[in-house]
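Work through the exercises below with the sequence and the coordinates at hand. Each task is followed by a solution in steps.

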Amino acid sequence: IKEHLEKTFSILGDEKKMKKSLQKAINFLSKKEISILNAPLHGDFAIEQVLIKNKQLLLTDWNIREGPIVGDLVNLFRFQKNLLGEKEFLKLLSFYPEEVKKNIKEYIILNEIDLLILYPRRKNIFDDRIKYLLSKSH
């Protein structure tokens, strides 16, 4: 997590300018000693990019990037604030490695910080999710 946060700080710049919830999230993550699995992500991958052609699924994408392994899963449910209460999210999460499931809160928060960097205009959506996750016990 520390390596991931250092990269984030270098992109964000002055920490004092960050929103309060983002500061709390970084403080929360700074105390964790877990390794984060990163993977190539499909970026803006969403349900709208799943097409059916000749009775087969076709996934379209044009914006691949590296990030926390849950990035695409989180993005698929991007309009839900409480991912951990979403049955379909949890069903799909069951396919992920055990260490990801065990630390899902940390993964989601890291993913949200990444998205804040990529899409600063959507900061209120991400800010709400971070606040919600930090208000819940693990």
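**Exercise 1. Characterise the salt bridge between E112 and R129.**

Step 1. The closest N and O atoms of E112 and R129 are 2.8 Å apart, and the two residues form a salt bridge (a side-chain nitrogen of Lys or Arg within 4 Å of a carboxyl oxygen of Asp or Glu).

Step 2. E112 belongs to helix α6 and R129 to helix α7 (residues 123-135), so the bridge links distant parts of the chain, 17 residues apart (helices are DSSP runs of H or I with at least four residues, strands are runs of E with at least two, and both are numbered from the N terminus).

Step 3. E112 counts as buried because its relative accessibility is 0%, and R129 counts as buried at 4% (buried is under 20% relative accessible area, exposed over 50%, partly exposed in between, with a 1.4 Å probe and protein chains only).

The model is predicted: local features need pLDDT of at least 70 and side-chain atom pairs pLDDT 80 or more, while totals for chains, interfaces and linings use all residues. Residues are numbered from 1 along each chain as its sequence is written, and side-chain values use heavy atoms, without hydrogens and water.

**Exercise 2. Describe the salt bridges K91 to E88 and K101 to E98.**

Step 1. The structure holds four salt bridges, including these two.

Step 2. In the bridge of K91 with E88, the closest N and O atoms are 3.6 Å apart. Both residues lie in helix α4, and because they are three residues apart, about one helical turn separates them. E88 is partly exposed, at 41% relative accessibility.

Step 3. The N to O distance between K101 and E98 is 3.3 Å. Helix α5 (residues 98-102) holds both, again three residues apart, about one turn. K101 is partly exposed at 27%, and E98 is exposed at 56%.

**Exercise 3. Which helix holds K105, and what does its side chain reach?**

Step 1. K105 is found in helix α6 (residues 104-118).

Step 2. K105 is buried and has no salt bridge; E106, the nearest side chain of opposite charge, is 6.8 Å away (Lys and Arg count as positive, Asp and Glu as negative; His and the chain ends are not counted).

Step 3. The K105 side chain does reach the backbone oxygen of L133, at 3.1 Å.

Step 4. As for the helix itself, 13 of the 15 residues of α6 are buried, so the rest of the structure largely encloses it.

**Exercise 4. Classify the aromatic pair in the structure.**

Step 1. There is one aromatic pair.

Step 2. The ring centres of F77 and F89 are 5.7 Å apart and the planes stand at 90 degrees, so the pair is edge-to-face (rings of Phe, Tyr and Trp, the latter by its six-membered ring, pair with centres within 6.5 Å; planes under 30 degrees apart are stacked, over 60 edge-to-face, the rest tilted).

Step 3. F77 lies in the loop between α3 (71-76) and α4 (87-93), and F89 in helix α4, twelve residues apart. Both F77 and F89 are buried.

**Exercise 5. Locate N38 and list its contacts beyond its neighbours within four places in sequence.**

Step 1. N38 is found in strand β1 (residues 38-41) and is partly exposed, at 37%.

Step 2. Beyond those neighbours, N38 is in contact with H4, E66, G67, P68 and I69 (heavy atoms within 4.5 Å).

Step 3. E66 is 28 residues from N38 along the chain, and their C-alpha atoms are separated by 6.5 Å.

Notes
Polar contact = N/O pair within 3.5 Å; in protein donor to acceptor, adjacent residues only side chain to side chain.
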